[in-house]
Amino acid sequence: MSRLPADASRDRWEVFARRDPLSYIDPTLGRGVSAAEFIESGGAIVERELDWAGPLSAYDRALEIGCGVGRTTVHLARHFAQVDGVDISATMVRYAREHGLPENVRLHVLSGRDLEPLHDRSFAFVFSHLVFQHITQDAIIEAYLREIARVMRPGGVAVLQFDTRRASLPATILQRLPDTVLPAVRRRGIRRHPRPAIQIREFGATAGLTLEAERDPDSAEHWFRWRLPDDT
């Protein structure tokens, strides 16, 4: 794929990861939560989304985009023979490894622009949660959906979360303020960037993915389920 400029949030996420990785990944759990409690909280997310995905063509290999400290990665590993997790933050990945990973999990620090060097048609399932909402550039979102189509096998399923809320006037004003006057979760890199659902649908269609279902539209937790058509 063509090379895209790096998203500026990459360097900021390294800073966040060194300060308080768990709180920056999911502020709803609050500061002071233990690593064990945080990782355990990922179990319900995985079970819910796998149930929504329905039966898969295979359970040999899955990919998580934005694995962070492995909160959901370790639970995906219970369902698949191998799980690959990718993240832009080396500190997040190091934290995940230091706190223990199942033997069938492999983590990769990638560019934040694409899924290189993962091979074509490798994965039966692709998953991402609380990741794409932080990416500022539409071109990177579009590129990620093309990359997902590239690394998925025909018949494979992708379950991805986006924030598709309409921006309110206060939120628009906050986006324009300097980081120095904003709370940590509103600063550049960590802040959310909602996108119109129609734009996300168009990116998926252009990538060659078939949209099968959506859940909780026009919300902070808008889930999309895509399938790569079987070309056999």
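D84 is buried, because its relative accessibility is 1%, and buried means under 20%. This aspartate forms a salt bridge with R61. The model is predicted. A search of the whole structure finds 15 salt bridges and eight aromatic pairs.

**Salt bridges**

- In the bridge between R61 and D84, the closest N and O atoms are 3.1 Å apart.
- R61 lies in strand 1 (residues 61-65) and D84 in strand 2 (residues 82-87), so the bridge ties together parts that are 23 residues apart in sequence.
- E212 and R227 also meet through their side chains in a salt bridge, at 2.5 Å from N to O.
- E212 sits in strand 6 (residues 210-215) and R227 in strand 7 (residues 222-227), so this pair joins parts that are 15 residues apart in sequence.
- E212 counts as partly exposed because its relative accessibility is 34%.
- R227 is partly exposed too, with a relative accessible area of 23%.
- The side chains of R215 and D216 form a salt bridge at 3.7 Å, N to O.
- D216 has a relative accessible area of 42%, so it is partly exposed.
- A network of salt bridges links R48, E49, R215 and D216.

**Aromatic rings**

- F132 and F162 form a stacked aromatic pair, with 5.1 Å from centre to centre and 15° between the planes.
- This pair links distant parts of the chain, 30 residues apart. F132 is in the loop between strand 4 (123-128) and helix 7 (138-151), while F162 is in strand 5.
- F132 is buried, with a relative accessible area of 2%. F162 is buried, with a relative accessible area of 2%.
- F224 and W226 have ring centres 5.2 Å apart and planes at 10°, so they are stacked. Both residues are buried.
- Ring pairs join Y59, F80, F125, F127 and W223 into a cluster.

**Charges over rings**

- R71 lies over the face of F38, at 4.6 Å from the ring centre.
- R225 lies over the face of W52, at 5.1 Å from the ring centre.

- Q161 lies in strand 5 (residues 152-162).
- Q161 counts as buried because its relative accessibility is 0%.
- A polar atom of the Q161 side chain lies 2.6 Å from the backbone nitrogen of L130.
- Leaving aside residues up to four places away in sequence, Q161 touches several others, including S128, L130, F132, R192 and W223.

Terms used. Residues numbered from 1 in each chain as written. Predicted model: local features only at pLDDT ≥ 70, side-chain atom pairs only at ≥ 80, totals over all residues. Heavy atoms only, no water. Helix = DSSP H or I, 4+ residues; strand = E, 2+ residues; numbered from the N terminus. Buried < 20%, exposed > 50% of the residue type's maximum accessible area, 1.4 Å probe, protein only. Polar contact = N/O pair within 3.5 Å; in protein donor to acceptor, adjacent residues only side chain to side chain. Contact = heavy atoms within 4.5 Å. Salt bridge = Lys/Arg side-chain N within 4 Å of Asp/Glu carboxyl O. Phe/Tyr/Trp six-rings, centres within 6.5 Å; stacked < 30°, edge-to-face > 60°. Lys NZ or Arg CZ within 6 Å of the ring centre and 35° of its normal.
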